[in-house]
Amino acid sequence: MIAKAAMLFEQPGEWQVREVEVAEPGAGEVLVEMVASGLCHSDDHVALGDLPVSRLPYCGGHEGSGVVRRVGPGVRSLQEGDHVVTSFVPSCGRCRWCSRGMQNLCDNGALIMEGCQLDGGYRMRVAGRDVATGAMLGTFATWQVYDELSCIKIRDDLPLDIACLVACGVPTGWGSAVNGAEISVGDVVIVMGVGGVGINAVQGARFAGASHVIAVDPVDFKRTKALEVGATESYPTIEEAADFARSITNGQGADSAIVTVGVVSGTNVGDAFDAIRKAGIVVVTSQGSPANVGMPVNLFEISMYQKRIQGVLYGMDSPRHAVPALLDLYSEGHLRLDELVTRRYRLEDINQGYADMHAGRNIRGIIDFAGLAEGTTW
């Protein structure tokens, strides 16, 4: 099959849209016609060279939705016509972590930057060269072959162009609040950075019963959107947010601070640490450079004040549980997704989409493969 895909041929570099050959689905695999893909910051890290990949060319994208059009031998969980959302961790269900209900930490996750499928092979070629795919997915393509472990079946009555958001940004942000920060009713919570992930930490904190959800972002537009979906206060700096938190807690500070900035630094973590009370939690969800180590954290406070720094991957939840659960909340009106899509782009305009993200014009931009091309609604 011939498809179109957005690829990197160098790092750092811009996305280039080319025609590619997509293989037939093999054993345990499915061919998916893509409907939408979110423009997640993680893929931008790859384009900027912050996250090196093992092979070029590289087809990015990991936050996608589509329709199964062909099923390979041995597939048990999917059939033709199923609507699916991708999972950037192809959870095996058998390893130590999966068996303990921690599918987000599945041992298969060690391979997501390798660019190959679970069997070590590739399913896409351009000009005679194998193409690596992000997180064993590569959702920046009109058609793609996935392992069935990388696909989560969803209800057919949900809009696929919106459902793509629950492949990454929504469960990551929501779970950062609900699972990582362990929010209780009445808590005071700070969310640092309210882009595609942080905006959902705001929603999760509010849903969990926080009395104050304090959004922090230097961009006016993002602070306004945060207030629309559940933030109770917003500030351009963490210093102002921390001062407010202390003012309403008898000087103690926030119960938790969730770090969801675009690129995390040790200073961000240190600022969040200073903003929380005794026995409070700093949640670090943002991605940083593998070469960046160290943070200005008071070692006396971490033990004597019993503070905790908690890393969060994929919302600290099993994707096969989180994705359908969040979509149920959406259909019941408890989770706002439509409001998160700031702008839709053609695949050919992917670089403009990321430029808009850097300029602070988007909460979440999506590649709309079907709607912009033909006005199709799945």
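I looked up Val189 and found it opposite Ser256 in S15. This is a predicted model, so I keep that in mind for everything below. Strand S12, residues 188-192, is joined to S15 by four bridges, and the two run parallel. On to the next pairing: Ser256 also stands opposite Ile281 in S16. S15 and strand S16 (residues 276-284) share five bridges, again running parallel.

How many of the residues of strand S15 are buried? I get six of the six over residues 254-259, so S15 is largely enclosed by the rest of the structure.

Entry 2, the open sheet. I traced six strands in the order S8-S7-S2-S1-S4-S9, with mixed pairing. Which strands stand at the edges? They are S8 (129-130) and S9 (132-133); each has a single partner strand, so one side of each is left without a neighbour in the sheet. I then checked the S8 end: strand S7, residues 124-126, is joined to S8 by two bridges, and they run antiparallel. There I find Val126 opposite Arg129 in S8.

I placed Thr172 in helix H4, which covers residues 169-180. Buried or exposed? Thr172 has 9% relative accessibility, and the cut-off for buried is under 20%, so Thr172 counts as buried. Its side chain reaches the backbone oxygen of Cys168 at 2.8 Å. I also listed what Thr172 touches, leaving aside neighbours within four places in sequence: Val197, Thr285, Tyr314 and Gly315.

I ran the cavity search and the count came to one cavity of 30 Å³ or more. The largest cavity holds about 40 Å³ of space. Which residues line the largest cavity? I wrote down Glu63, Leu165, Gly169, Val170, Gly196, Ile199, Asn200, Leu340, Ile363 and Arg364. The elements giving two or more residues to that lining are H4 and helix H5 (198-208).

I looked up UniProt, where an unreviewed entry places the feature "domain: Enoyl reductase (ER)" at residues 13-367. Over residues 13-367 I get 27% helix and 25% strand, with the end C-alpha atoms 19 Å apart.

Terms used. Residues numbered from 1 in each chain as written. Predicted model: local features only at pLDDT ≥ 70, side-chain atom pairs only at ≥ 80, totals over all residues. Heavy atoms only, no water. Pairing = 2+ DSSP bridges. Buried < 20%, exposed > 50% of the residue type's maximum accessible area, 1.4 Å probe, protein only. Polar contact = N/O pair within 3.5 Å; in protein donor to acceptor, adjacent residues only side chain to side chain. Contact = heavy atoms within 4.5 Å. UniProt positions renumbered as here; feature names shortened; annotations may be inferred. 1 Å grid on protein atoms, 1.4 Å probe; cavity = no way out; pocket = protein on both sides within 12 Å on 5 of 7 lines; lining within 4 Å. Points joined across faces, edges and corners; volume = space filled by probe spheres on them.
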